[in-house]
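Please keep the sequence and the model open while reading.

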Amino acid sequence: MSYVQFGSVLTVILFFGMVGCDFETHNPDAKDDHQLQAESADSTSTEKTVEVETDTFGIEIDDIEVQEERVRPGDTFTRILERQGLSRSHAHNLSREIQPEFNVRRIVSGRNVRFYHNADSTGDLQHIIYQHNRLHYTHVDLSSDSLMVSNNNRDTETRLRYADGQIQGSLYQTLRARNHSTELAYEIAQVFAWQLDFHRIRQGDEFRIIYEEHLLEGEPIGIGNIKVAHINHINENFFAFRYEEEGNEYYYDEAGNSLRKSYKRAPLRYSRISSHFTDNRYHPVLGRNMPHHGIDYAAPTGTPVYAVGDGTINQAHYERNNGNFVRIRHNSQHESGYLHLNRIAEGIQPGVEVEQGDLIGYVGSTGLATGPHLCYRFWENGQPIDPLDVDADPVEPLAEEYLDNYESHIFSMMHLMQQLPEKEVDEQQAVLGSLLDVDDSMDVMEEAGLGGF
Ligand SMILES: [Zn+2]
């Protein structure tokens, strides 16, 4: 489907939209938000009875008195327990009992510890929460006969946000100026790695993105997945729709083609790995330990070597250490390298475009090598990474049977992208709040009389 066709589709959707589209819905998380705020306001004081039923750690606090302490310099866990009214021997035993699950010797000065005492005359200690950081905490449960210690993460919320704009300076700067996480710039570069080189993104290019943002106590702590992205780069349109099919989520373009291209698992056919990627190995020729940022494949001289993915040759020549070697730029992030070749294949020179599986050379032992092998390397943003970590799953377009559903999905997303720029941030959030679950998007569209495309 071309962009021109998309334009007419959007006109139709917009027309329907004016007829009876009501995206105003209540944010189901609003109540939780309120509770969290009430709770966090209390947590700064040292001693407080909180009146909501459970607190932010999921602990019931009816008839419970919560006391909060900070670990002091030189504190031991036993000493903190004693300050909470436990006898020395009781505090000692408790510290020892929880040690296997929670290393109390590792407590850090300044961290929060919460104590939950019965509000009655006994004042019995029921729970302890030690906060490792904002997200992670240890829960010591003393409320039943058997002691229970668990390490948990606090519940975070996820909301969708809309970002748009025209690039001023870099995408990074533009996002920051508009109060969006700059992590988004990296995520977008990932999504469009095969389509766009973000180093070349220009002043005046435009973007529209719907993405997930994670919140803890109402404050952003990071971003999740990009749901939809539209980039206009030198008047060319690029779309990415995240879509789930049989439990796998990938990005597809407006026609259902995967945005990712595949890599072959290995650049040669019959071989075995003789040396893995490591930061430190004994180098047989140099006689000392040094990093080996590649994989060695043992193979006879003359074994054909193939490009692991589509790309452009950026180096193909002889070097003293690497011997005859070829380097391919695959996309804006990835490059692969092939060292010690006996010979570089005919026609392989800088600037030449290759396809996955094209012959680029033959295994040899040129340069610093003890015997015939292929040293295969991979770089992400210029940094060497283990080639075995590279995603080599096959890439297929969406299966025919999912295309109808997919089209409905992208219609609703495109419709949203048309609507959101017109709205205030509050309204945007209300609309997006009802779309958190992608499956819901169709329900919302149905309700709005927009279903059944
Ligand atoms: Zn090697």
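Two strands are said to pair if DSSP finds at least two bridges between them, and the elements themselves are DSSP runs numbered from the N terminus, helices being H or I runs of at least four residues and strands being E runs of at least two. By that rule strand 16 and strand 22 (residues 359-362) pair in the antiparallel sense over three bridges, and within this pairing Val305 stands opposite Gly361 of strand 22.

This is a predicted model, in which local features need pLDDT of at least 70 and side-chain atom pairs count only at pLDDT 80 or more, while totals for chains, interfaces and linings use all residues. Residues are numbered from 1 along each chain as its sequence is written.

**Overall composition**

The protein chain holds nine helices and 24 strands. A residue is called buried if 20 or more other C-beta atoms lie within 10 Å of its own, exposed if 12 or fewer, and partly exposed in between, with C-beta atoms placed from the backbone; on this scale, buried residues make up 29% of the 453 residues in the chain. Two residues are in contact if their C-beta atoms, placed from the backbone, lie within 7 Å, and of the contacts with a separation of 6 or more, 59% are between residues 24 or more positions apart.

**Sheets and hairpins**

Strand 4 (residues 125-131) takes part in two hairpins: one with strand 3 (residues 112-118), with six residues between the strands, and one with strand 5 (residues 136-141), with four residues between them. Gly123, in the turn between strand 3 and strand 4, has a positive phi of about 65°. Six of the seven residues of strand 4 are buried.

| Strand pair | Bridges | Facing residues |
|---|---|---|
| Strand 3 and strand 4 | Five bridges | His117 and Leu125 |
| Strand 4 and strand 5 | Five bridges | Ile129 and His139 |
| Strand 7 and strand 8 | 10 bridges | Glu157 and Leu215 |

Which residues of helix 6 (residues 183-191) are buried? They are Leu184, Ala185, Ile188, Ala189 and Val191. Because these residues cover an arc of only 160° around the axis, they are on the same side of helix 6, the arc being that of the directions from the helix axis to the C-beta atoms. What covers them includes helix 5 (171-177) as well as strand 8 (206-216) and strand 9 (219-233).

**Nonpolar cores**

A nonpolar core is a set of buried Ala, Val, Leu, Ile, Met, Phe, Trp, Tyr and Cys residues joined through C-beta atoms within 7 Å. The largest has 39 residues, of which Ile188, Ile209, Ala229, Ala240 and Phe241 touch the most other members. Helix 7 (residues 403-419) gives the most to this core, with six residues. Leaving aside neighbours within four places in sequence, Ala240 is in contact with residues including Val191, Phe192, Ala229 and Leu259. Apart from this core lies another, of 25 residues, among them Tyr263, Ala316, Val326 and Ile344.

**Individual positions**

Two asparagines have a positive phi. Asn179, in the loop between helix 5 and helix 6, has phi near 70° and is exposed, because 10 other C-beta atoms lie within 10 Å. Asn235, in the loop between strand 9 and strand 10, has phi near 65° and counts as exposed with 8 C-beta neighbours inside 10 Å.
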